[in-house]
Amino acid sequence: MSRKVVRQSKFRHVFGQAAKAEQCYDDIRVSKATWDSSFCAVNPKFLAVVVESGGGGAILVLPLSKMGRLDKNHPLVAGHAGPVLDIDWCPHNDNILASGSEDCTAMVWQIPDHGPARHTSEPIVTLEGHSKRVGIVSWHPTARNIILTAGSDNLIIIWNVGTGEPLISMDDHPDLIYNVSWNRNGSLFCTTCKDRRLRVCDPRRREVVATSFEEPIALQEMDTSNGVLLPFYDPDTNIVYLCGKGDSSIRYFEITDEPPYVHYLSTYSSKEPQRGMGFMPKRGVDVSKCEIARLYKLHERKCEPIMMTVPRKSDLFQDDLYPDTAGPEPALEPEEWLEGRDEDPILVSLREGYVPPKSRELKVAKKNVLDTRPAPRRSMSSCDGGNIAPQLLEKLLEEVHNLRATVLSQEKRICDLENKLSKFTNGTA
């Protein structure tokens, strides 16, 4: 009599559980924009959700500890002139958020440690280069201040956020780009496109190095849901989580190097469909509870954390569940990556848990546009008397310089006060 051999895997019994009601984020008006992005991004400090807003686009940013019902007057990050379509937290600075919008721009925002204290409409840098809506923003996994944007103009632009300048442009796609994903060291990225082709691109060579493939190594049949699938891959456990937009379930699979390569693990099901989904970096999971992943499910009016755990009897740190994972320090500077150097992420241990660092300011050093623009012809009107005396000109320039210094000093003072307020509210002072 033959006996079926059960495949050995420590992830055969991954268990999904929704957070309690008091641990959810309630009364959030999730965006109704018709765009196939997750509308949610999360890191060990913050939850960010694209929300409905009149007269433009807005992002709700909450510290993870601010659970419960949301104040209707809670400050928003609202600087876009059109609906926000995609958001992404910087992997090397938990206080830096990027957004793409229908207004054809991408913006980068600095978020104080305790979250915005007032409505924020001034980004630290605006990236302008697309002629149509920007539907994808994606940070480089290992190089500091490098971000990719893709728009409905079928154009991909890679930027240096530290200078606000475009570094690389690629127009190899004949139709709308659906999604972009970097590989682990950021040497390549792959795209999916409306023309039903998958492309692997080398950005520094500015070329597509592979297009589609004849046959998949594995084919997994899913249900007949009409919603787009949002995939989240965990390289530490080799598990991929598939969340259908408009669906009410999360299916997860383990990926291996041997046939059949893709192994179905289980399905987390609930009653309400998801409007979007956020995926916590491994740095943000609770290792004391054997949590290997955490997803943030968007309902119509709330956000619900869902914890994926591997039940263990021991209270000790589980080394096999938590290999060293990608930390917040970048492995490369922008110039090094642009010159052709590649490095894997700098890893950190989760043995003692992960404590997010304090806010680090992103400094943007833009070139002076006056250095490259021709001087405008001055009008010889009767109001200026024909010429401005050199002494008056010097006085005006000195006054402008002093006012600018005063503004920068006050902004620094505001930042210091906000950090002190954060310490008091978090009970660390």
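Which residues do ring pairs link into a cluster?

Author: The cluster consists of F232, Y241, Y252 and F279, joined by ring pairs. The model is predicted, so local features need pLDDT of at least 70 and side-chain atom pairs count only at pLDDT 80 or more, while totals for chains, interfaces and linings use all residues. Residues are numbered from 1 along each chain as its sequence is written, and side-chain values use heavy atoms, with hydrogens and water left out.

Rings of Phe, Tyr and Trp (its six-membered ring) pair if their centres lie within 6.5 Å; planes under 30 degrees apart count as stacked, over 60 as edge-to-face and the rest as tilted. The structure holds eight aromatic pairs. In one of them, F46 and W89 are stacked, with 5.4 Å centre to centre and 15° between the planes. This pair links distant parts of the chain, since F46 belongs to strand β4 (residues 46-51) and W89 to strand β8 (residues 84-89), 43 residues apart. Strands are DSSP runs (E, at least two residues), numbered from the N terminus. Both F46 and W89 are buried, that is, under 20% relative accessible area with a 1.4 Å probe and protein chains only; over 50% is exposed, and partly exposed lies in between. The rings of W182 and F189 have planes at 70° and centres 5.5 Å apart, so they form an edge-to-face pair. W182 and F189 are buried.

A nonpolar core is a set of buried Ala, Val, Leu, Ile, Met, Phe, Trp, Tyr and Cys residues joined through side-chain atoms within 4.5 Å. The largest has 37 residues, and I28, L47, I59, V61 and Y296 have the most contacts inside it. Among the elements giving two or more residues to this core are β4, β8 and β25 (291-298). Strand β4 contributes the largest share, six residues. A second, separate core of 27 residues includes F232, as well as L230, I239 and I306.

C104 counts as partly exposed because its relative accessibility is 23%, whereas C290, at 6%, counts as buried. The structure holds zero disulfides, a disulfide being a pair of cysteine sulfur atoms within 2.5 Å.

Terms used. Helices (H or I, at least four residues) and strands (E, at least two) are DSSP runs, numbered from the N terminus.
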